Amino acid sequence: MKHLIAICALSAALITPAHAEEDTGKSLMEQGAELFFEGLRQEMGPALEDLQGLADQLGPAMQSFIEEMGPALAELGAEIKDWSAYEAPEILPNGDIIIRKKPIEDLQDPPDQTEEDPDGATEI
């Protein structure tokens, strides 16, 4: 956050003298935006390089996972129509993964708690 404030302050300081010499054809807003984004690019450069390195490391593993598990997940997705009918997956101590179906009473709408009289009055 301190870097962002410093960049903004520097941008404002550099824009003021540029007002006197507007022979470049760019407005003050364009010059300020260019300075701002240049500073932002310089600040974010190392983080983006680290992210690229992480993607290079994980890319082959993710591709292998998708190639192996993709067809099985597609079959599972075709069989399951309503994902809300299942509980969260549970991993057992032996490594098995269980996905239990929710109890039927949890899936059904609760019954109306109001009963109507033949006269049209409602009892609660």
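How many residues apart in helix H2 are glutamate 38 and arginine 41, and about how many helical turns separate them? The two are three residues apart in helix H2 (residues 28-79), a separation of about one helical turn. Arginine 41 is exposed, with a relative accessible area of 52%, whereas glutamate 38 is partly exposed at 34% (buried means under 20% relative accessible area, exposed over 50%, partly exposed in between, with a 1.4 Å probe and protein chains only).

The model is predicted, with local features needing pLDDT of at least 70, side-chain atom pairs counting only at pLDDT 80 or more, and totals for chains, interfaces and linings using all residues. Residues are numbered from 1 along each chain as its sequence is written, and side-chain values use heavy atoms, leaving out hydrogens and water. The average pLDDT (the predictor's confidence in each residue, from 0 to 100) is 76.

Three helices and four strands make up the pattern α-α-β-β-α-β-β; helices (H or I, at least four residues) and strands (E, at least two) are DSSP runs, numbered from the N terminus. Of the 124 residues, 7% count as buried.

The whole structure holds three salt bridges. One of them joins glutamate 34 and lysine 26 at 2.8 Å, N to O. Another pairs glutamate 90 with arginine 100 at 2.4 Å. Glutamate 90 lies in strand E1 and arginine 100 in the loop between strand E2 and helix H3, so this pair ties together parts ten residues apart in sequence.

Conventions. A salt bridge is a side-chain nitrogen of Lys or Arg within 4 Å of a carboxyl oxygen of Asp or Glu.
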